[in-house]
Amino acid sequence: MKNKNKYTYEVREEKGDLNHDGKMDRVTVKMDTVDETRPLRLQIFLSQPNGKLTLTVSSDKIIEPQYPAEKQGEFNGYQIPNFFIEEGILKMWSEIKGGNITYHFKYKRGNFELIYVDKLTYDAPQGYIDENTIFTETKFDLITGTRTESDEKLGSTRPLAVRKKRVLVGPLPKIQDVKFSDKDLY
């Protein structure tokens, strides 16, 4: 018989009020240390009126395994994402190729919905950051559908370019449906 819960090593924990009931909720990231790809599981536990925490969401898709199968045993190159709870919003900060991305999830109607994405990438063709490096910040408000990209150089006082467009997303993605590869969508 296969052991169902191999996610035994807790890597991250964050506490805060996610469902606006005044009680502490808990977010954990656990690693399966038996599986050679080292997959990670995000779990969100919400406080109940009786004071107990109840598992509300569990996802094995949102965080990339440390040693993805497609990399044949090679490390994915990124640290495990950090989670923050600010004013009832669950934020997941992840490293990505050439930058980082922060997803903002809000608890609504029994689900954690993706409401905002903030992504910062840089273009350093020579392999290091210098005065010619272009930084692109993408801010995407999924509720209003406003997606803004700004390009800047280090130390510049105003952006080189700003691109704004409307991208309507409906329904809003639920946290359990977001995959680590979705970073390319935003």
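A: The model discussed here is a predicted one. Pro171 is found in the segment after S11. The peptide bond that joins Gly170 and Pro171 is cis, with omega at about -10°.

The strand named here, S11, covers residues 161-166. It belongs to an open sheet of seven strands, whose order is S5-S6-S7-S8-S9-S10-S11 and whose pairing is antiparallel. S5 (82-86) and S11 each have a single partner strand and therefore stand at the edges, with one side of each left without a neighbour in the sheet. On average, and with direction ignored, neighbouring strands of this sheet are turned by 15° against each other. In general terms, the strands of a sheet pair through backbone hydrogen bonds, in either a parallel or an antiparallel manner.

The sheet is one part of a protein chain that has 11 strands and zero helices. Read from the N terminus, the elements therefore follow the pattern β-β-β-β-β-β-β-β-β-β-β. The chain has 186 residues, and 40% of them count as buried. Along the principal axes, its C-alpha atoms fill a box of roughly 55 × 40 × 25 Å. Where contacts link residues at least 6 apart in sequence, 38% of those contacts join residues at least 24 apart.

Strand S6, residues 89-96, and strand S7, residues 99-108, are paired in the antiparallel sense over eight bridges. Glu95 stands opposite Asn100 in S7.

About 200 Å³ of space lies in the largest cavity. Its lining is made of 20 residues, and those nearest its centre are Glu64, Pro81, Ser94, Glu95 and Phe180. S6 and S7 each supply at least two residues of this lining, and S6 gives the most, with four residues. By class, the lining of the largest cavity comprises 12 nonpolar, four polar and four charged residues.

The largest pocket holds about 160 Å³ of space. It is lined by 13 residues, of which Phe140, Val169, Pro173, Leu185 and Tyr186 lie nearest its centre. The lining of this pocket has eight nonpolar and five charged residues, but no polar ones.

Two loops complete the picture of the backbone. The loop between S5 and S6 holds Glu87. Phi of Glu87 is near 50°, which is a positive value in a residue other than glycine. The relative accessible area of Glu87 is 79%, so this residue is exposed. His20 lies in another loop, between strand S1 (7-16) and strand S2 (25-32). Its phi is near 55°, again a positive value in a residue other than glycine. His20 counts as exposed because its relative accessibility is 51%, and the cut-off for that class is over 50%.

To return to the part requested, Pro171 has its place in the segment after S11, where a cis peptide bond joins Gly170 to it.

Note on methods: Residues numbered from 1 in each chain as written. Predicted model: local features only at pLDDT ≥ 70, side-chain atom pairs only at ≥ 80, totals over all residues. Heavy atoms only, no water. Pairing = 2+ DSSP bridges. Axes fitted to C-alpha atoms, helices over the stretch in contact; angles between N-to-C directions. 1 Å grid on protein atoms, 1.4 Å probe; cavity = no way out; pocket = protein on both sides within 12 Å on 5 of 7 lines; lining within 4 Å. Points joined across faces, edges and corners; volume = space filled by probe spheres on them. Nonpolar A, V, L, I, M, F, W, Y, C, P; charged D, E, K, R; others polar. Buried < 20%, exposed > 50% of the residue type's maximum accessible area, 1.4 Å probe, protein only. Contact = heavy atoms within 4.5 Å.
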